[in-house]
Amino acid sequence: MSALKISFKVDNLKNMNCELQAFADFLRGAGVGDDEIFSSKLVSCELITNVIRHGGDEAQFTGTLTGDKIEITVSAQSLIGLDLCRSAPDVFAESGRGLYIIKSLCGEIQAGEQGQIKVEIKRK
């Protein structure tokens, strides 16, 4: 199976939900189950929110679907050097709950040299 991909930009948090609905529709159209769609939207929402809050005015999103995983990549030009790969915070911490959620669903958060954050959700 070849990889299927969707990309979009989010320039403010108000239009994020509309874009994430398009991502969910993309996954649903490819036969992804409801639980995996929910997890993908939740992780994407947390990543995009963190990138916009900590990395600048705009987040670039790419979702890639392969046979066994959903790969989510979010980036911003000014994100280079932001440490989102630190150890997972406690669920009751005042900040970092989004990272806790992401790491709980995906395991590892990978940081790229070009200000990219990449995670994978394993398909069942």
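This report looks at the aromatic rings and the nonpolar core of a predicted model.

## Ground rules

Local features need pLDDT of at least 70 and side-chain atom pairs pLDDT 80 or more, while totals for chains, interfaces and linings use all residues. Numbering runs from 1 along each chain as its sequence is written, and side-chain values use heavy atoms, with hydrogens and water left out.

## Aromatic pairs

There are three aromatic pairs here (Phe, Tyr or Trp rings, six-membered ring for Trp, with centres within 6.5 Å; stacked under 30 degrees between planes, edge-to-face over 60, tilted for the rest). F23 and F26 make a stacked one, at 6.5 Å centre to centre and 20° between the planes.

F23 and F61 are both buried (under 20% relative accessible area, 1.4 Å probe, protein chains only), with F23 at 0%.

## The nonpolar core

The largest nonpolar core has 29 residues, and I48 and I72 touch the most other members (buried Ala, Val, Leu, Ile, Met, Phe, Trp, Tyr and Cys joined through side-chain atoms within 4.5 Å). Helix α2 gives the most, six residues.

Leaving out residues up to four places away in sequence, I72 has contacts (heavy atoms within 4.5 Å) that include F23, F61, L47 and V119.

Note on methods. Buried means under 20% relative accessible area, exposed over 50%, partly exposed in between (1.4 Å probe, protein chains only). Helices (H or I, at least four residues) and strands (E, at least two) are DSSP runs, numbered from the N terminus.
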